Structure formats: structure tokens, C-alpha cells
Amino acid sequence: MIVRESYLKKLRQLKDQDLIKVVTGVRRCGKSTLLEAFRNELLENGVSPGNIVFLNFEERENLTLCNWSALYDEIILKVKPDKKNYIFLDEIQLVADFEKLVNSLFVKKNIDLYITGSNAYLLSSELATLLTGRYIAINLHPYSFREYISAFPDEKNSDRLFRNYLNNTAFPGAVTLSKSAPDLVSDYLQSIYDTVIRKDIVKRHNLRKFDNLQRVIEFLFDSVGSLVSPTNIAEQLNRNSDKRISHNTIIKLINYLTEAYILYSAPRYDIKGKELLLTNEKYYIVDLGLKSVLQTNVHNADLGHKLENVIYFELLRRGGKVFVGKNRDKEVDFILQKPGNEREYYQVAYTVNDEKTLERELTSFRAIKDNYPKYLLTLDYDNSVIEGIHKRNVIDWLLEEV
């Protein structure tokens, strides 16, 4: 099992803090495994098994626990009144009125509460209103490249591993499966995709026209790293089909996809005007392997945009908000807005060995007049500083200690 150290570190820091720990993320990204690993750490550090309650609401034996009040009573019966108790509620959104359950448990002073959910509805529901300022969210993703390579200890060629990482999947279960039954990985990814689409989107939102959702997914999967808007998506889809789809429908469907953590957005930020722009943004796929489910993942094709996708999620892991930068007529691939109002700028290119390409990337940086760090990430083998801009090899950058 790969230790998700960066996430475990956060849970250790939050242990016994008067906050609900909410672990969110797409299905099968490792939320349950993370909680189990943290539970095992508690046991190793002397917490009694009797002081831990762990319920996974996807398990068959827990399917009947749908009444929040009865579930609350059952949990309280297990709680030791004179000890600290650690309560883990996995996929809590499957419990009706889960907000009331969470709130009722949280007010108990001897309970340290951890919950997970596979849909952003968890934090856009009454829970967020009910518990304003009383919870902290940890968004979990499939494996980072650092985690991915640790799954292949016998492979010493990091270039080869990175090429696989770009073209395949980083879902923990799929990575494990790829080593023993690689021919079943596509079926595994299909099952994740079907579960998320059918349960978290179609069923939850009572969608009748599944084909519209499918068309939008295919378009956005093919447009990774490209600026898009609901208007131009509708124009493109209506141009190529007799089935009409409206601008408002596009907006709703994109919201459903981001709620289910299949897609993440990077809004545009005007560097000179210092304001968020309301038109056009980029979307990135939580796992590039999902492209193969729709047969849009041509091996070793579109590597520049796949590289962008990897960088986007690594920046999210490193903390802060990620934007696409606009500076007059120039674009900066990413702005990482860090705590304390610090920021970093990133340009991503597969290679800048060509002088024209290098000049294009540097020009975008030169137009920025502040002194925040600027990074040019490529798969070229050299690491250097050009006009104060840090040119880094992507693999070296991904593997560095942060």
C-alpha cells in the first residue's frame, strides 16, 4: 500500500482540533484507505479500539443505517463518556439528513469527527451553512507522480514512468491492478466512470437526457488546457449535431461534473487589472486515464495538454488556488495564489529547445512587472535560470521535497 504521507500529515496536524475533518474527492481516489491508515496510526499510538467507530456507508451491512437519528443513537452507545473518541463516517452523503447527524456528533466534546464524501454537494449543502467555520476540507486526488513511482520500486527509469503516468491512470486501485492484470485496467476505469456518472450525476440530478451530458464530457475531455465557455461549447456542439443544447444546460452540466470531482476548473485572472475574469476558463480531468473510457486518449498524443493537466493538480496539492493568467494580450499558464497573498507564476511547455518557443514562453513572463517567482516547466533535461526565470525539468520539479 502506498502511504499518502502529505494527506496523513494534514490529518495528524488536525487530530483533536475542534474541527470536523472533511475528506472529499472523486470516487476510488483513496479516501477510505486514507481514513483506515489514519485509524491504524491511532491504534499504533495507543488509542484503544473501543474508542474508535468506523462506518463505511457503501458497505452492505451499513446500507440499512439510513435514519440519521437512529444512527446517532447507535454511535453514542459505542462512545466512551470519559475518553476521547474518534468517529470515522465514510461516504456520509449516503445517509439522509447527514447534516443533522454530523452537527449532533460535533457538539459532543469527547468526539473527534472525520467524514468523507464523493460529491461537492457535501460542502455546498446545509452542512456548510450549519457548520460555518467549524470544518476543514481536505481534497484528495489520485496519486501524485511521487506516489505513483513508489508503486513501482523496481523501475528505475523515471522518464519511462512519467510517460506512463501521462498516458495512463493514477487511480490507486488501477495502479495496483496494472501490475497483476493490466488487461483489466480499462474495465476498472469504466466502472469508476459509470458509477460517478450514473450515481453522482444522472441519478442525483434526475437527468433524462444522458446524451447531452455525454456530449459535454467528450468535448471537455478533448479540450483539456484550452480556454472554453458555455457559449462556445454550445456553438460547437450544435454545429456538429441536430440535437440542440442550450447555454444554460451547458452551465448546469459543467457544475454537475465539477461537483462530482471529475473536472476541476481554473478561472482566468487579469494580472494587470488584478481581478477575476468572468468569461472563459480551463478545465482539467481528475485522472487522465478516464480519457480512455471515451476513446479520446490517444497514446503519446496531445502530450503538451496532458503535461498541463499534471502540473495543475500538483499545484493544487501544494496548496493555494490555481488560476489561468491574462496580462493584456499575453497568457500565463498558471498562477498559484498562496496563503499570505504570495503567488507564483508558471509556464508549461513540452520542450523549449526551439528558440522561437523559448522566446514565446519568456515573453509572457517579461510582461509581468511584479517580483513573484516565475517558473518555466519543461521536459528538457536542463535546470537553469534565464533572466530571473527558473527553468525546471518537470520530473525533477514533481519529485522535489515541498
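In helix 15 of this predicted model, the residues Thr357, Leu358, Glu361, Leu362, Ser364 and Phe365 are buried (under 20% relative accessible area with a 1.4 Å probe and protein chains only; exposed means over 50%). Seen down the helix axis, these buried residues fall within an arc of 150°, so they line one face of helix 15; the arc is taken from the directions from the axis to the C-beta atoms. Glu355 and Lys356 are exposed on the face turned away from the buried side. The cover over the buried residues includes strand 9 (330-338), strand 10 (342-348), strand 11 (374-378), strand 12 (384-386) and strand 13 (389-393), where contact means heavy atoms within 4.5 Å. Helices (H or I, at least four residues) and strands (E, at least two) are DSSP runs numbered from the N terminus.

Helix 15 comprises residues 355-366 and reaches 16 Å from its first C-alpha to its last, close to the 16 Å expected at 1.5 Å times one less than its number of residues. Its N-terminal end is capped by aspartate 354, a side-chain oxygen of which lies 3.2 Å from the backbone nitrogen of lysine 356.

The largest pocket has a volume of about 1400 Å³. Its lining is formed by 48 residues, with His141, Leu316, Arg317, Arg318 and Gly319 nearest the centre. Helix 1 gives the largest share of this lining, six residues.

Residues are numbered from 1 along each chain as its sequence is written. Local features need pLDDT of at least 70, side-chain atom pairs count only at pLDDT 80 or more, totals for chains, interfaces and linings use all residues, and side-chain values use heavy atoms, without hydrogens and water.

Note on methods. Polar contact = N/O pair within 3.5 Å; in protein donor to acceptor, adjacent residues only side chain to side chain. 1 Å grid on protein atoms, 1.4 Å probe; cavity = no way out; pocket = protein on both sides within 12 Å on 5 of 7 lines; lining within 4 Å. Points joined across faces, edges and corners; volume = space filled by probe spheres on them.
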